Amino acid sequence: MSITKNLLLEAKGVTKYFGTITALENVNLKIHGGECLGVVGDNGAGKTTLMKVLSGLYKPSAGSLFFEGNEKVLESPRDSQNLGLEMVYQDLALAGNLPIGENIFLGREPTKNLGLIKFLDFKKIKELTDAHLEKLKINVKSADQKVEELSGGQRQAVAIARSTAFNAKVVIMDEPTAALAIKEVGKVLDLINSLKKTGVGVIVISHRMDDIFAVCDRVMALFQGTNFAESELSSTSRDEVIGWIMGKK
Amino acid sequence: MEDKDKKKESLHLKLIPYFDKYGILILLLLMIVVMQILQPDVFLSWRNVTNVFKQISWQSMLALGVFMVIVTAGIDLSVGSIMMLSLMVLAIVSKAGAPWFIVVLTPLIVGFLCGLINGLGITLLRMPHPFIMTLGTLYIFRGTGNLVSGGTPISGFTDEVRYLGHGRIDLTWLGLEKSQYLPVSLVLIAIVYFIFWAFMNHTRTGKWIYAIGGNPNAARASGINVNKILVIVYSLCGFLSGIGALILAGRTDSGYPNAGLQSELDAIAACIIGGASFFGGRGTVLGVFAGVMIMGILRNGLNLMDVSSFWQQVLIGSIIVLAVYIDVLRRDLGTRK
C-alpha cells in the first residue's frame with residue numbers, strides 16, 4: 001500500500017456566522033493522504049462547526065473548500081460523501097438491531113435483479129464486509145452479528161469501517177474514543193493507524209491528549225473560532241497543546 | 001476482541017436468535033397439541049381448521065399492516081376504521097351498480113388513501129407521535145364511513161366481489177369430499193404474507209424499515225429518506241386494511257357500521273404476541289402470522305369448550321402481558337449496555 005502525501009482537502013478562509021455570532025473566522029485547514037490531523041480546542045472553539053462545514057451540513061458564510069485541488073461547493077452531506085469525505089459521528093449512527101454487514105452498507109446495499117424487482121444481495125454484503133473488516137484488521141465473531149451485541153470499541157470499529165467502505169479519502173472522526181472503556185481505546189487508535197496506511201486522510205477531533213499524541217502527525221488548535229496554533233506533532237509537547245486550548249502561547 | 005467474555009456469553013447469545021425466530025412457533029404448536037387433546041374429535045377436523053382460517057382472514061391483513069408500522073417504532077390505531085370506511089365505500093359503489101372489478105378495487109384504493117393521509121400527517125404535520133395522528137383518524141375515518149353510508153348496513157354483493165372472502169377451491173379432484181374444500185381467503189393469506197415476507201427481508205425498503213425502527217438517526221445519517229419510507233409504510237398498512245375490508249365483504253355479504261370495531265387492538269395484540277417489539281426494529285412476518293393464529297386458535301378452542309367470551313378476554317390480555325415480559329427479558333439478555 002502506497003502512502004501518498006497528496007493534498008486531499010483544503011479549507012481556505014472559512015467563516016461562519018449564526019446571526020450576529022461568529023462561530024468561525026477565516027479558518028484554514030489542510031489534510032493530506034495518509035496523514036492524521038488532530039483538531040483541538042475548548043468547547044465553543046468552533047471544532048464542531050468546522051466539521052459540519054467540511055461535511056456539507058453547514059454552508060460557510062465565506063471562504064472556500066478545495067478537494068484535490070478543485071474548488072467544491074457542498075450542498076448536503078451526500079455531496080461530501082460522493083467526494084469521498086465521510087464523518088464518524090460521536091453517537092455512532094448505527095442501527096443496533098441490524099447485523100454488522102447491513103450497518104456498513106445501510107442505504108447503499110448491493111442488490112441483484114430478479115425480474116423487475118431488486119433484491120438484496122446478502123452474499124455480496126457478507127463477502128464485501130468480510131473483506132473490508134479483514135483489510136482494517138477488525139476482529140468480530142461474524143459479519144452477521146448484531147451491532148447491539150458488540151462492545152463499545154467494536155461498535156466504534158464498525159462505525160469507522162462503515163465510513164471507509166466506499167473508498168473514502170478523508171474520514172472525520174468526532175471524539176472517537178470518548179465513549180470507550182480504556183482497554184478498547186488502543187484498538188480504535190490502532191485502527192486509525194491502519195487507515196492512515198491505506199492512504200486515507202484522517203481528521204480527529206479530540207480532547208484527549210493521549211489520543212492526539214498516539215495517532216496524529218499534525219495538530220491544530222482553534223480558539224474562539226480562529227486558527228490559534230498549528231504544529232507538526234514532533235515539534236510540540238502536551239503542555240504546549242493544552243496551553244493552546246486555553247488560549248495561551 | 002475480548003476472548004474471556006466471548007466464552008461466557010456464547011451459549012445464550014447463540015440461542016437468542018433461534019428463540020427470537022422460532023420461540024413463538026413452539027408456543028403455537030403447544031396450543032394446537034393442547035387443543036387437540038382437549039377436543040380430539042373436533043379441533044383438527046377439516047371443517048374446524050378451515051373455520052379458524054376464515055375467522056382470522058381479515059384480521060391477519062390488519063395485523064400485517066400494523067406489524068410494519070410497529071417495526072418503525074410507530075403505531076396505527078386507525079386500521080379498524082380504515083377497514084370500515086373501505087367496506088362502506090365498497091358497499092355504496094356496489095349498490096350503485098358498478099362493474100365487479102371496480103367494486104373490488106374500491107376498498108384497496110380507499111384503504112391506501114387513508115394510509116397515505118396517516119403517513120403524510122405524521123411526517124408533514126410533524127405529529128409528536130403516530131399514536132396521535134392515528135387516534136385522530138380512528139375517529140375521522142369511522143365518522144366518514146357513517147356519514148357516507150348514513151350509518152345503516154348495506155347488504156348484497158355479487159359472487160365476484162365475494163370471491164376472496166367467501167370463495168371455495170374444490171378439492172374433489174384429489175379424491176376429497178365436497179365438504180373438504182380450501183377457502184380462497186386461506187390462499188390469499190398465504191400469498192400476501194409471502195409477498196410481505198419477501199418485501200421486509202429481501203428488499204432495500206424493507207431493510208430500511210427495520211433500520212428506522214432500530215435507530216432513525218442512523219437511517220438518516222445513511223442518506224435514507226426516513227419520511228418517505230414512513231409514508232410508504234402507513235400507506236401499505238392502509239392498503240392491507242383495504243384488503244381486509246374486501247375479505248370481510250365476502251364473508252358477511254354486507255357493509256355494516258360496526259365493522260372492525262376495536263380490531264386495531266386485536267391487530268396490535270397479534271403483533272406483540274408474535275414477537276414484534278414496541279420499541280421498533282424487531283419482529284418477523286412469520287411471528288405476526290403465529291400471533292394471529294394463536295389468537296384465532298385461542299378463541300376457537302375456547303368457543304369449542306363453551307368457555308365464556310369474558311374468559312377469552314382475560315386470557316388474551318394475559319398472553320399479551322406475558323409475551324411483552326418475555327421481550328423485556330430477551331432485551332436484558334441480548335443487549336450490552
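How many residues lie between β4(A) and β5(A) in the hairpin that they form? In this predicted model, the count is two, and A:Glu68 in the turn has a positive phi of about 50 degrees.

The overall scores come first. The model has an ipTM of 0.83 and a pTM of 0.87. For chain B, the mean pLDDT is 91, with 92% of the residues at 70 or more.

In chain A, β4 covers residues 62-67 and β5 covers 70-72, and A:Glu68 sits in the loop between them.

Most residues other than glycine have a negative phi. A:Glu68 is not a glycine, yet its phi is positive, near 50 degrees. As for its surroundings, A:Glu68 counts as partly exposed because 14 C-beta neighbours lie inside 10 Å.

A second residue of this kind is found in chain B. B:Asp306, also a residue other than glycine, has a positive phi near 65 degrees. B:Asp306 belongs to the loop that links α12 (285-304) to α13 (309-334) of chain B. With 6 C-beta neighbours inside 10 Å, B:Asp306 falls within the limit of 12 or fewer and therefore counts as exposed.

The contact between the chains involves 24 residues of chain A and 24 residues of chain B. On the side of chain A that touches chain B, the elements giving two or more residues are β8 (117-120) and α5 (152-164) of chain A. β8(A) gives the most, with three residues. By class, this side of chain A divides into eight nonpolar, eight polar and eight charged residues.

Two packed helices are described by the angle between their axes and the distance between the axes. For helix α6 (residues 159-166) of chain B and α10(B), the angle is about 100 degrees and the axes are 6 Å apart. An angle of 65 to 115 degrees counts as roughly perpendicular, so α6(B) is described as roughly perpendicular to α10(B). α6(B) brings B:Val161, B:Arg162, B:Tyr163, B:Leu164, B:Gly165 and B:His166 to the contact, while α10(B) brings B:Leu246, B:Ile247, B:Leu248, B:Ala249, B:Gly250 and B:Arg251. Sorted by class, the contact of α6(B) with α10(B) holds seven nonpolar, three polar and two charged residues.

Helix α10 of chain B, which spans residues 226-252, also contains B:Leu236. Is B:Leu236 buried or exposed? It has 23 other C-beta atoms within 10 Å, and the threshold is 20 or more, so B:Leu236 is buried. Leaving aside residues up to four places away in sequence, B:Leu236 touches B:Gly65, B:Met68 and B:Gly115.

Notes:
Residues numbered from 1 in each chain as written. Chains lettered and ligands numbered in written order. Predicted model: local features only at pLDDT ≥ 70, side-chain atom pairs only at ≥ 80, totals over all residues. Helix = DSSP H or I, 4+ residues; strand = E, 2+ residues; numbered from the N terminus. Contact = placed C-beta atoms within 7 Å. Axes fitted to C-alpha atoms, helices over the stretch in contact; angles between N-to-C directions. Parallel < 35°, antiparallel > 145°, perpendicular 65-115°, else oblique. Nonpolar A, V, L, I, M, F, W, Y, C, P; charged D, E, K, R; others polar. pLDDT = per-residue confidence, 0-100. Pairing = 2+ DSSP bridges.
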